[in-house]
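Please look through the sequence and the model below before reading on. The paragraphs after it are meant to be read with the structure open beside them.

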Amino acid sequence: HIRQLYALVSETLRYSPVLEKLLAGAALLQAEKKLPPQLAKVLVYDLLFGKGLKCGGRWKLVARRHRARLEAELARLKVQQKVSRNEDLLAPAQAASPGAPQVPRYVRVNTLKTCVDDVIDFFKRQGYSYLGQAASMEDLRALSGKKFLLDLHLPELLVFPPQTDFHDNLLYTSGHIILQDKASCLPAFLLSPAAGSHIIDACAAPGNKTSHLAAILKNKGQIFAFDVDTKRLATMNTMLMRAGVTGFQLAQQDFLTVDPADPKYSKVTYILLDPSCSGSGMVNRVPREEAAPSAERLQALAGFQRKILSHALSFPALQRLVYSTCSVQREENEDVVHAVLQERGSAFRLVNAFPSWPCRGLAAFPGAESCLRASPADTLTHGFFVAVLERLGEVAAAPSSLPAAAEENRQQGEGAAPKKRKRKKQREN
């Protein structure tokens, strides 16, 4: 499963400094010269910190052969650092770089299955302390222990201290909550489709944004989701079913091969486009520096991104499109949007989306400040970029700078009391 594999790799990277000490102390790489260092870390993490080895073959035998020595080295490390829990070993590694921003754990409430009030009550019964809606970014930075907040920007997003783990929590396993970074929630939130709309999610897997779109639609509408990988689509289908999403069609197809003139898509008025990118905005989720993408790779990616954005804008009924990447590179972001607007500027315009968002696009062209950026330092999220495009002309909707949901939430943040939601019955066992 992609989600499980992703969680394993993420946790391995989080424990990387500890794993390096264990490998060195147990001399595992010296004893097993053919074992790649990164694979060794994954094996040791799964053996000592995870849920047990899932692999088979000779690598499993290698890990088991050195198990006693690794466990002894782990015990010695705990004694040396005067800790009793595995998690406490992380503290020294984090303290080594106090200036590095820590991204909170964001939890999106899946309103297809529950409501914010019920989820807050659930966490309170689990011993968490609810501090209300955040008033500033400083409130998010100050989170610690078992305290949590309602986000100051997004109305259905709860915020917990960094590295809070909910993968085994009942609400997560039942699909009542989605573990999704705040920046990753922006595309669907800013697309803000009306209930009953037909939407294309052009590069959909693993499906978090798709489920977010369905929640905004209240399952009243049609979502066409595309991805070229069969296994990713199968995993996505399972996730969407667990989240209670209906009214969606998954297609194993390259979005560039989809015919905009096909009558099937004649009512598509919204498109969410989150294409393949360098992923350079994601490096801050791991405790080590990653090499910047090469100029050749950026050029190739940007060429693909311009092509797929231009293709998306060719759908005849399209009214609003959100283009997003998890990249911080100008070549994949502002430059792509600028190039495509120059081609289609007579038909589409860049919307000044979410004016209260603190981090704007780079000054690459006039109006680029209408785009949004996100970063660990400025917005306590992963690095991200979002641009909102709307069709010009008589058929276009009235110009807007903020989705209705965002406007309502902004007003609440300025003093209006949040609306009470009808409480839904929720099983807890």
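Predicted model: local features only at pLDDT ≥ 70, side-chain atom pairs only at ≥ 80, totals over all residues.

Residues are numbered from 1 along each chain as its sequence is written, and side-chain values use heavy atoms, with hydrogens and water left out.

The chain holds 17 helices and 13 strands, where helices (H or I, at least four residues) and strands (E, at least two) are DSSP runs numbered from the N terminus. Of its 429 residues, 49% are buried, a word that here means under 20% relative accessible area, with exposed meaning over 50% and partly exposed lying in between (1.4 Å probe, protein chains only). The accessible surface of the chain comes to about 20200 Å², and carbon and sulfur atoms account for 53% of that; such areas come from the Shrake-Rupley method with a 1.4 Å probe, and for residues only the protein chains shown count as cover. Among the contacts in the chain with a separation of 6 or more, 70% are between residues 24 or more positions apart, contact meaning heavy atoms within 4.5 Å.

Two packed helices are described by the angle between their axes and the distance between the axes. Which angle do the axes of α2 and α6 make where they cross? The axes of α2 (residues 16–26) and α6 (residues 67–81) cross at roughly 120° and come within 9 Å, axes being lines fitted to C-alpha atoms, for helices over the stretch in contact, with angles that run from 0 to 180 degrees between N-to-C directions. That angle makes α2 oblique to α6, since angles under 35 degrees count as roughly parallel, over 145 as roughly antiparallel, 65 to 115 as roughly perpendicular and the rest as oblique. The crossing of α2 with α6 is right-handed, a term used if the near helix is turned clockwise from the far one by less than a right angle, left-handed being the term if anticlockwise.

On the α2 side of this contact are Val18, Lys21, Leu22, Gly25 and Ala26, which meet Arg69, Leu70, Glu73, Leu74, Leu77 and Gln81 in α6. The residues of the contact of α2 with α6 divide into six nonpolar, two polar and three charged, where Ala, Val, Leu, Ile, Met, Phe, Trp, Tyr, Cys and Pro count as nonpolar, Asp, Glu, Lys and Arg as charged, and the others, Gly among them, as polar. Arginine 69, in helix α6, has 49% relative accessibility and therefore counts as partly exposed. Leaving aside residues up to four places away in sequence, arginine 69 touches Ala26 and Ala27, and its C-alpha atom is separated by 9.0 Å from that of leucine 28, 41 residues apart along the chain.

Helix α2 also meets α4 (residues 37–48), and these two axes come within 10 Å and cross at roughly 95°; α2 and α4 are therefore roughly perpendicular to each other. Here Ser16, Leu19, Glu20, Leu22 and Leu23 in α2 meet Pro37, Ala40, Lys41, Val44, Tyr45 and Leu48 in α4, and by class this contact has eight nonpolar, one polar and two charged residues. Tyrosine 45 of α4 has 9% relative accessibility, so tyrosine 45 counts as buried, and its C-alpha atom is separated by 8.8 Å from that of serine 16, 29 residues apart along the chain.

Helix α8 (residues 116–125) has seven of its 10 residues buried, so α8 is largely enclosed by the rest of the structure. The buried residues in α8 are Val116, Asp117, Asp118, Val119, Ile120, Phe122 and Phe123, and what covers them includes β1 (105–109), β2 (129–133), β3 (147–150), β4 (157–160), α10 (170–173) and β5 (177–179). After α8 comes glycine 127, whose phi is positive, near 95°.

Some backbone details remain. Most residues other than glycine have a negative phi, and most peptide bonds are trans. Alanine 205 and proline 206 are joined by a cis peptide bond with omega about 10°, and proline 206 lies in the loop between β6 (198–201) and α12 (208–217). In the loop between α12 and β7 (222–227) is lysine 218, whose phi is positive, near 60°, and which at 59% relative accessibility counts as exposed. Asparagine 219, found in the loop between α12 and β7, has a positive phi near 60° and, at 23% relative accessibility, counts as partly exposed.
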